[in-house]
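Please look over the sequence and the model shown here before reading the notes.

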Amino acid sequence: RSLGVAIRTSAPVRALEPGAVRLDGERIEAAAVVVATGGYVADIAAVLEHAPQLREIPRLLAGGAPTALGSGHALLADVGAAFVHRDHVWVYPTGTPDPRDPAGTRGLGIRGVRTELWLDRDGRRFHDESERGGGSGTRALLGRPGATAWSVFAAAERERVLLIDNEFYGTPAGPDPDGVAAF
């Protein structure tokens, strides 16, 4: 602001135009515009379009914020922007279907659990659970028959569970104990 830069938040851009941006009913002239956009992982069709290697996953759930629909990417594409590495989508192996999603397409990320065991559909342990991230954990999970598993942990772990991607269960400020208990 001290440099004369106007900062707008919660002001969705509807179009990028030469020398301006268009908001709902307002055109703002600008010599330069920085577009900071979110991702598109809440739009499974877009994920599968840009990362076709994920089509092999038997049940791919949408993650991230429900608003991560790629609208900023669409605006940029409309003005000829070039994109790279859109196929590099990080897939967490520790997600589960969100029971509060009536469509059954959104997942919850589960964080905070430290002592779980990963069991495949035959009840066999198959991976070093300390390597639970989207790199080695996802590869291990996708290598199992059915590409599915159970994460089994003690009830004492419940106090550390953080469910992300649905504010019913908690926000960035922390978990909602009643929401976690309901889960």
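## Basis

This is a predicted model, in which local features need pLDDT of at least 70 and side-chain atom pairs count only at pLDDT 80 or more, while totals for chains, interfaces and linings use all residues. Residues are numbered from 1 along each chain as its sequence is written, and side-chain values use heavy atoms, with hydrogens and water left out.

## Helix 2

Helices (H or I, at least four residues) and strands (E, at least two) are DSSP runs, numbered from the N terminus. In helix 2, Gly72, His73, Leu75 and Leu76 are buried (under 20% relative accessible area; exposed is over 50%, partly exposed in between; 1.4 Å probe, protein chains only). These buried residues line one face of the helix, because they fall within an arc of 160° seen down its axis (taken from the directions from the helix axis to the C-beta atoms).

The buried residues of helix 2 pack against strand 1 (15–17) (contact: heavy atoms within 4.5 Å). Ser71 and Asp78, on the other side of helix 2, are exposed. Gly80 follows helix 2 and has a positive phi, near 85°.

## Nonpolar cores

A nonpolar core is a set of buried Ala, Val, Leu, Ile, Met, Phe, Trp, Tyr and Cys residues joined through side-chain atoms within 4.5 Å. The largest has eight residues, among them Tyr40, Val47, Leu54 and Val89. A second, separate core of six residues includes Val113 and Val180.

## Positive phi in loops

His85 has a positive phi near 60° and lies between helix 2 (71–78) and strand 4 (95–97). His85 is exposed, at 53% relative accessible area. Asp165, between strand 8 (162–164) and strand 9 (170–171), has a positive phi of about 90° and is partly exposed at 28%.
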